[in-house]
Amino acid sequence: MSELHITDPRERKVTKANELIQKSRFSLSAQQQKIVLFLISQINPWDEDFKVYKFSIAEFSRVCGISRLGGKDYAEMKAAIKEIADKSLWVKLDNGKETLLRWIEKPYIDEGKGTVEIRLDKDMKPYLLQLRENFTDYELVYTLRFRSKYSIRLYELVRSVHYHDMERVCCRFSVSQLKELLDAGEYSEYRDFKRRVLKTAVNEVNLYSDRDVEYTELKQGRKVMGLEFIIKAKSLDERLTLRAEIDKTMGPPQLSFWDDGLE
């Protein structure tokens, strides 16, 4: 399959194996996750091997709604890429074992030319290349307005179980399972998890993405033990309206990529 030439990088798709979404544990900020997603969107998933992926920082800035990149922003971007390169993620294998993977093998930043080159770790290949089943793909644009790191994680989880626009899907997660998947284990009390993580993530997914999510608490006595999600795709008219809003509001200076937002 030949590579599609897409003029607007926001139209690119992020393609991941479901194992990378449903069976991995990692801790990245919203900014770091957006860098990873932007990078993955550069990949042709039909390639047999990774390339060195190069993009201009100006393009990245435009796509992610940054008004301009000055010296401070270059420094923050370098720091974010370093953290991504230094961080590992746990992935559960089919045989029940877990293994550590890295996102980035080697980054290069040329401030003079305004470019970034990144070589992904070769062990990520089974999760990002030659995927023929059990994978999720979605348009990068629907993640760009999320301000909370939990929203990005919830959206990917939602898309991994809801992949047919004509259907409504019901799925259940225990509270402990959902905390692990959303990287929210620090919230030991459910009320804090609900207020700081769940409500924020569901609200942003409903406002800014192509999916609508509702949830019901599953209780044992008075204690919330799990959550049931009902997921459906927004209508075509809703998505067209949403895309028009994204095109309008993602322009500078309405959104800063380096704003920690609701995390």
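Predicted model: local features only at pLDDT ≥ 70, side-chain atom pairs only at ≥ 80, totals over all residues.
I looked up how the strands are arranged and found an open sheet of three strands, in the order E3-E7-E6, with antiparallel pairing. At its edges I noted strand E3 (52-56) and strand E6 (104-110), each of which pairs on one side only. Neighbouring strands of this sheet are turned by 15° against each other on average, with direction ignored. I then followed E3 to strand E7 (residues 115-120) and found five bridges joining the two; Phe55 has Val116 in E7 as its bridge partner.

I searched the whole structure for aromatic pairs and found eight. One of them is formed by Phe38 and Phe55, edge-to-face, with 4.8 Å from centre to centre and 70° between the planes. This pair links distant parts of the chain, since Phe38 belongs to helix H2 (residues 30-40) and Phe55 to strand E3, 17 residues apart. I recorded both Phe38 and Phe55 as buried. Elsewhere I noted that ring pairs link Tyr138, Phe146 and Tyr155 into a cluster.

I located Ser148 in the loop between strand E8 (135-139) and helix H6 (149-161). The side chain of Ser148 reaches the backbone nitrogen of Tyr150 at 3.1 Å.

Definitions and conventions: Residues numbered from 1 in each chain as written. Heavy atoms only, no water. Helix = DSSP H or I, 4+ residues; strand = E, 2+ residues; numbered from the N terminus. Polar contact = N/O pair within 3.5 Å; in protein donor to acceptor, adjacent residues only side chain to side chain. Pairing = 2+ DSSP bridges. Axes fitted to C-alpha atoms, helices over the stretch in contact; angles between N-to-C directions. Phe/Tyr/Trp six-rings, centres within 6.5 Å; stacked < 30°, edge-to-face > 60°. Buried < 20%, exposed > 50% of the residue type's maximum accessible area, 1.4 Å probe, protein only.
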